[in-house]
Amino acid sequence: MKDVEHSLAPPDPLDPLNSEQLSAVEHTDGPLLVIAGAGTGKTKVITRRIARLIERGIDPGSILALTFTEKAAGEMEERVDRLVPYGYTNVWISTFHSFGDRVLGDNALALGLVPDFKVLSEAERVIFLKEHLFDLPLDYYRPSGDPTRYLSSLVKFISRLKDEDVTPEDFLSYCDTLEEGEGGVTEDLMKERRELAGAYAKYEELMARSGYIDFGDQIVLPLKLFREKPAVLKRYRERYHYILTDEFQDTNYAQSELLKLLSGERRNITVVADDDQSIYKFRGAAISNVLKFQESCPEAKVVTLTRNYRSVQPVLDASYRLIRHNDPDRLEVKSGIDKKLVSERSRGGAGGEVAHLHFDTLTSEAEFVAKTIEERAGEGKRDYKEFAILVRANADAEPFLRALDQRGVPHRFSGSSGLYSREEIRVLISLLKVITDHSDSMNLFHLASSPVYGLKAADVMPCNHLSRRRHRPLFHVMRDVARGKDVPAEISTEGVETITKVVLDIERLSEMALKESTGRVLYTFLTDTGYIVSLSAEDSEEAVDSVRNIARFFEIVSHMEQSLSIKGKKVQTMVEYLTLLMD
């Protein structure tokens, strides 16, 4: 390791560090707080700091870097890989939950977990509780009219308790401190709180018995392990001498406590934060974690990054005026830190003004946007791909898409109302619903007229009219047509052939669904109909997206079958779960 300094990749002269960034990168031992505003190069600081530690002779395996998303972790790992020589990249860079999962995997027996424990998503936890509804000690939160009404809220409530490092015992102790009449506490409220405490405890028992954990457990169980097993904590402290955390403002209390335990007496911990960019307050993220870090580490070096490389000054000034409305609940006010950003792009007078435009209707706004894009692109100064329209929700995009279509402006809608609304996935869901319920005429209509079978409207509509007139399921009418019975005169010969294929496929897959897994049934459908082959052969971006979506759907189905141990009715059970999952 002594010669590492000479083998490291030299700093990029086109991407130099400014004085504040350099100060953070060159920090030696002890706690470091980096206040990094938007676009100030925080990821560059973290990755360069990791490379600098390795350059000083620090074992890469003793460095732990934590962030919140797999994408951010991947980007960080890629940058570090470019900065250090081959063979020095075994720095552990991951999300908090991936790190926690690794700790649990290595110490499952010490925590009483089965070695092959499974992590359930929020939707899967709701499904799990639905299966064990009457095992939960619920009365008020299990209304007779809709017993499952509060399950989703109960799952979210338990998640928030875990975010705050509150165990079932802690919550029950809190309930015991409640006194009727004090602070507006009523007897009914006390009863409801105790009911929730009992449900939380039972939930933990049921999950453990089934070998399941949730995302919150990936943080609180390692915390429990470190608190109850000092020898295990010592082992991890000896392994990780330097800890770096990105987006520290988004950590919740449990994550903050985990970092505190891991850093130990060395306190070689670097946290990068900006409370103005916090987006996880709904799940416990708080500015208090940054303030507590300063309180618990008064000797911490504080570096503030205010040079912005992303935006022009007028944009930064407008943003600053807006964010000031959060005062006094901002770090700038609480700690007296100047966080006003200065644009490096505006040096020399570059940069325009921020304009606020007001319209009487949303349609007027959409038409103005479409017209502006058309005019700018028509002048030849801009290309269409240089424009982007941002909307708050997918539903808000419709007026803009309509306005662009009317003006013939080429565009691509990158948003989506969800995987389950995609045409290729709706076809698969329709198939599953039809083969488990032959009376589901709506989904059969969609399946038959989908690109898989391509039954024309002129051939399917007569069957649909006959179904309604005789009050019979559409499948029964189509089955009669396939057998040459009561065939409407309007149906073409080609239509009869297609209907026959649809009916035969449904009958065959219905039989298969009684014995095989959902994944096997779907695979047979996709291969036998040639749908997946036709998509793969189509040379278009939409077809590639469709294949990816189908692969993602298979992953979900496979994960649910494995994690929820679906037995017995197989496909029928999966359809019930998918319906709940989509809800």
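This is a short tour of a predicted model, with something to select at each stop.

**Stop 1: the sheet**

Start with the open sheet of six strands, and color them in the order β3-β2-β6-β7-β1-β8; the pairing is parallel. Which strands stand at the edges? They are β3 (92–95) and β8 (301–305); each has a single partner strand, so one side of each has no neighbour in the sheet. Now turn the view to follow the twist, which averages 15 degrees from one strand to the next.

As background, strands of a sheet pair through backbone hydrogen bonds, either parallel or antiparallel. For a close-up, select β6 (residues 242–245) and β7 (residues 269–273), a parallel pair joined over three bridges. Show Thr245 here, and you will find Val271 of β7 standing opposite.

**Stop 2: helices on the sheet**

**Stop 3: two packed helices**

Two packed helices are described by the angle between their axes and the distance between the axes.

Show the side chains next. From α7 come Leu154, Phe157, Ile158, Leu161 and Lys162, and they meet Leu196, Ala199, Tyr200, Tyr203 and Glu204 of α9. Sorted by class, this contact has eight nonpolar residues, no polar ones and two charged ones.

**Stop 4: the cores**

Where are the most contacts inside the largest nonpolar core? Select Ile435, Met478 and Phe525, which have the most within this set of 49 residues. Helix α18 (residues 423–436) gives the core its largest share, eight residues. Apart from this core lies another, of 42 residues, including Ile219, Leu262, Ile269 and Val290.

Now zoom in on Met478. Leaving aside neighbours within four places in sequence, Met478 is in contact with Leu444, Ala448, Leu455, Cys463, Ile499, Val502 and Val503.

**Stop 5: a residue on view**

Finish with Glu228, in helix α10 (residues 217–228). Is Glu228 buried or exposed? Its relative accessibility is 52%, so Glu228 counts as exposed. Select Lys456 as well: the C-alpha atoms of Glu228 and Lys456 are separated by 67 Å, and the two are 228 residues apart along the chain.

Terms used: Residues numbered from 1 in each chain as written. Predicted model: local features only at pLDDT ≥ 70, side-chain atom pairs only at ≥ 80, totals over all residues. Heavy atoms only, no water. Core = buried A, V, L, I, M, F, W, Y, C linked by side-chain atoms within 4.5 Å. Buried < 20%, exposed > 50% of the residue type's maximum accessible area, 1.4 Å probe, protein only. Helix = DSSP H or I, 4+ residues; strand = E, 2+ residues; numbered from the N terminus. Contact = heavy atoms within 4.5 Å. Pairing = 2+ DSSP bridges. Axes fitted to C-alpha atoms, helices over the stretch in contact; angles between N-to-C directions. Nonpolar A, V, L, I, M, F, W, Y, C, P; charged D, E, K, R; others polar.
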